[in-house]
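Please look through the sequence and the structure shown below before reading on.

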Amino acid sequence: MSPSFGDGVRAPIAPDPKAIDVTAMPRVLRRIAGEAVKLEPARVAVAVGASLGAAVASLSLPRLFGGAVNEAQKLLGIASQVHGSARMLAAHEARHALMITATLVIVATATRGFLTMAANYQAEFVSQKVAYQYRLDFFRQLQRLSFGFHDKIHSGDLITRGMLDLEGARSFIQNGLLVALTMILLVGIAASQMIATDPVMAALGLAFTPLASVVLARMGFMLRVTWLHVQRLMSILTLTMEENLQGIRVVRSFAAKTFELAKFDDAANAALAYSYRRIFLRFQAVSVMTLSFYGSMGLLLWYGGGQVAVGQMTAGRLTEFLTYMTLLQSPIRQIAMIVAAAARATTSGSRLFEILDLEPAVADKPDARDLIVTEGVLRFEHVDFAYDPGAPVLHDISFEVAPGRSLGIVGPPGSGKSTIANLVPRFYDVTAGRVTIDGHDVRDVTLASLRSHVGLVQQEAFLFDATVTNNVAYADPWAEEDRIVRAARVAQIHDYVAALPGAYETRVGERGVALSGGQRQRMSIARGVVPGPGVMIFDDSTAAIDAVTEKKVRDALARATAAKATIIIAHRLSSLMHADEIIVLEAGRIVERGTHAALIALNGEYADLFALQTRAEQGLSIADDRLRRKRAEAAA
């Protein structure tokens with residue numbers, strides 16, 4: 001069992017190092033690099049060219065220094081053998097040669113600095129463009145993915161992937177890709193020049209590479225494991241903060257500040273511990289690499305100095321090799337940073353692409369056409385449905401709702417009422433049977449055309465932190481003012497809105513915090529009425545409204561939806577007793593159907609519910625009678 005943080009948030013299961021895909025790094029990094037090339041090929045080319053130029057400018061320095069030392073040594077040797085004006089001339093020529101070399105060094109260094117700046121600028125520009133594109137792709141993907149996906153993943157994890165993981169993938173372009181390219185050019189060209197000049201000296205100078213390769217490979221693998229821990233813990237932190245902010249009134253009401261702080265602190269401490277682990281791995285690798293590098297440099301100096309002492313090598317040649325090693329010092333130190341960036345990008349990119357590569361369970365068929373409504377008749381034909389295999393929610397549901405007609409659905413919690421509402425706009429696909437509008441299976445038409453024809457007003461009235469106008473006209477942002485006002489009047493919210501200081505331009509606050517529960521529900525009803533779809537579904541949308549206001553809303557809705565097929569789902573029977581037909585659900589099956597009067601006369605489930613709601617003082621005895629009747633039916 002995984003540990004919990006503050007007994008509130010479950011810790012993520014620790015990733016098994018054996019389960020880490022060691023082949024993922026080249027695949028993920030290649031995809032990130034490919035995105036950069038696809039979006040900004042010209043800038044990538046400029047960055048690569050500038051990096052190449054900077055590497056060439058840097059690699060000119062060893063030859064310049066080595067040549068300068070040899071030339072100065074030669075001229076000074078000549079000067080030591082002559083006297084008078086000849087000696088002064090030799091010294092002058094030596095100074096002139098050194099001046100030329102110094103000028104060339106300054107030019108090469110300035111060129112390297114300018115090209116490095118250009119490469120870094122282009123890399124940063126490209127990385128930000130890639131991040132921009134990934135943000136759009138990620139947000140677009142979240143809009144595409146089906147409700148079944150969102151049901152099984154918490155928003156904190158999605159926010160972490162869309163921000164922290166995306167940043168980890170982006171930063172590789174600048175901190176990894178271009179730095180790695182420069183390093184490869186420097187090390188590769190320098191190594192080839194060193195080998196061509198003196199293989200023995202090159203072997204001594206590059207003796208650190210085998211040990212460095214082993215250390216870096218281990219660090220890269222361990223960093224991937226560590227980053228996977230960190231990213232999962234950051235998801236928990238994001239979820240904890242998000243839930244705390246959304247439920248801040250509950251937290252304050254129950255004086256749970258200390259509990260929430262402890263829960264957040266536990267998760268933050270766990271993330272901090274893995275961050276320390278990541279830092280330790282990186283600096284451990286840097287220390288080993290630095291020690292091995294200076295060991296190679298010491299060997300080079302020992303061997304080369306001995307060769308110079310016996311006259312087998314010039315001082316310039318030794319200076320050239322030492323300059324090569326000095327040039328390699330900075331790139332070698334950057335290798336750890338590159339590997340760390342690659343490890344983070346691999347973990348972050350894998351988590352990001354895991355979402356981007358998903359195919360929505362509910363999507364348009366390749367040959368899907370727009371829904372063309374002629375009559376607007378909604379039918380359920382022997383529909384079965386299960387959210388998870390082996391756990392059916394609906395069994396053999398059949399009904400028909402024509403324009404101008406209304407269907408009421410009632411039943412105990414968990415009986416499948418809201419599931420029926422979600423199947424009409426195809427938030428989920430049926431397991432068996434079919435849902436049709438004018439004979440067209442909803443799976444055969446485009447989702448956009450289907451959902452523009454179906455209006456769903458849910459019990460949870462979510463409002464955006466925007467004005468009343470923007471919230472009411474959300475389904476049709478270009479709706480005229482009179483349509484918005486008319487919808488508000490239908491929902492019995494107009495008088496309240498008109499009395500506000502800003503009227504319809506008043507902001508309602510995050511999730512409609514400035515409104516009461518009933519006001520939020522009425523605004524949600526107004527939002528559903530504005531587009532005027534052909535099928536209207538009210539899923540317990542008046543539960544938070546008082547009985548008097550509900551009666552007014554119901555009468556206004558009856559007039560507004562007189563020509564539409566209407567489904568009313570409610571626990572309160574007064575909300576649907578006027579429907580043309582009522583079906584009673586129990587355990588996902590239709591157990592009764594008919595008009596209100598017919599169901600009362602049937603003296604079954606519906607009649608029991610009606611009696612319970614209209615004669616609360618007799619609720620206990622009626623419940624007892626109902627229980628006895630069910631037992632008798634089961635025995636029979």
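Helices, taken as DSSP runs of at least four residues, and strands, taken as runs of at least two, are numbered from the N terminus. In this predicted model, H494 lies in helix α15, which covers residues 494-498. H494 counts as buried, because its relative accessibility is 13% and buried means under 20% relative accessible area. When its neighbours within four places in sequence are left aside, H494 is in contact with V485, A488, R489 and Y504.

Not counting residues up to four places away in sequence, I537 touches A421, V424, V454, G455, L456, V457, I567 and I569. I537 and Q458 are 79 residues apart in sequence, although the distance between them in space is 8.2 Å, C-alpha to C-alpha.

**Aromatic rings**

A pair of aromatic rings is described by the distance of the centres and the angle of the planes. A search of the whole structure finds eight aromatic pairs, and one of them is formed by F147 and F427, which are stacked, with 4.2 Å from centre to centre and 5° between the planes. F147 lies in helix α4 (residues 147-151), whereas F427 lies in the loop between α11 (417-423) and β6 (432-437), so this pair ties together parts that are 280 residues apart in sequence. Of these two residues, F147 is partly exposed with a relative accessible area of 34%, while F427 is buried with 13%.

Y387 and Y428 form another aromatic pair, which is edge-to-face, with 5.1 Å from centre to centre and 90° between the planes. Since Y387 lies in strand β3 (residues 378-388) and Y428 in the loop between α11 and β6, the pair ties together parts that are 41 residues apart in sequence. Y387 is partly exposed, with a relative accessible area of 34%, but Y428 counts as buried at 11%. Ring pairs link F147, F385, Y387, F427 and Y428 into a cluster.

The charged end of R31 sits over the ring of F353, 3.9 Å from its centre, and the charged end of R43 sits over the ring of F125, 3.6 Å from its centre.

**Salt bridges**

Side chains of opposite charge can pair when their charged atoms come close. The structure holds 19 salt bridges, and the table lists some of them.

| Residues in the salt bridge | N to O distance |
|---|---|
| R140 and D137 | 3.0 Å |
| R144 and E359 | 3.8 Å |
| R593 and E581 | 3.1 Å |

What does the pair of R593 and E581 link? The pair links distant parts of the chain, with R593 in strand β12 (residues 589-594) and E581 in strand β11 (residues 581-586), 12 residues apart. R593 counts as partly exposed at 38% relative accessibility, and E581 is partly exposed with a relative accessible area of 22%. Salt bridges that share partners join E40, R43 and K129 into one network.

R140 and D137 both lie in helix α3 (residues 85-144), three residues apart, which is about one turn of the helix. R140 is partly exposed at 45% relative accessibility, and D137 is partly exposed at 22%. In the salt bridge between R144 and E359, R144 lies in helix α3 and E359 in the loop between α10 (315-356) and β3, so the pair ties together parts that are 215 residues apart in sequence. R144 is partly exposed, with a relative accessible area of 39%, whereas E359 is exposed, with 63%.

**The surface and the whole chain**

On the surface, L272, Y276, I279 and F283 form a nonpolar patch with about 410 Å² of accessible area together. Y276 is found in helix α9, residues 257-309, and counts as exposed at 52% relative accessibility.

The protein chain has 20 helices and 12 strands, and buried residues make up 46% of its 636 residues. The chain exposes about 31800 Å², of which carbon and sulfur atoms supply 61%. Among the contacts in the protein chain with a separation of 6 or more, residues 24 or more positions apart account for 78%.

Technical notes:
Residues are numbered from 1 along each chain as its sequence is written. This is a predicted model: local features need pLDDT of at least 70, side-chain atom pairs count only at pLDDT 80 or more; totals for chains, interfaces and linings use all residues. Side-chain values use heavy atoms; hydrogens and water are left out. Rings of Phe, Tyr and Trp (its six-membered ring) pair if their centres lie within 6.5 Å; planes under 30 degrees apart count as stacked, over 60 as edge-to-face and the rest as tilted. Buried means under 20% relative accessible area, exposed over 50%, partly exposed in between (1.4 Å probe, protein chains only). A charge sits over a ring if NZ of Lys or CZ of Arg is within 6 Å of the ring centre and within 35 degrees of the ring normal. Patches are made of residues with over 30% relative accessible area and no salt bridge: like charges are joined within 9 Å, nonpolar side chains (Val, Leu, Ile, Met, Phe, Trp, Tyr) within 5 Å. Accessible areas come from the Shrake-Rupley method with a 1.4 Å probe; for residues, only the protein chains shown count as cover. A salt bridge is a side-chain nitrogen of Lys or Arg within 4 Å of a carboxyl oxygen of Asp or Glu. Contact means heavy atoms within 4.5 Å.
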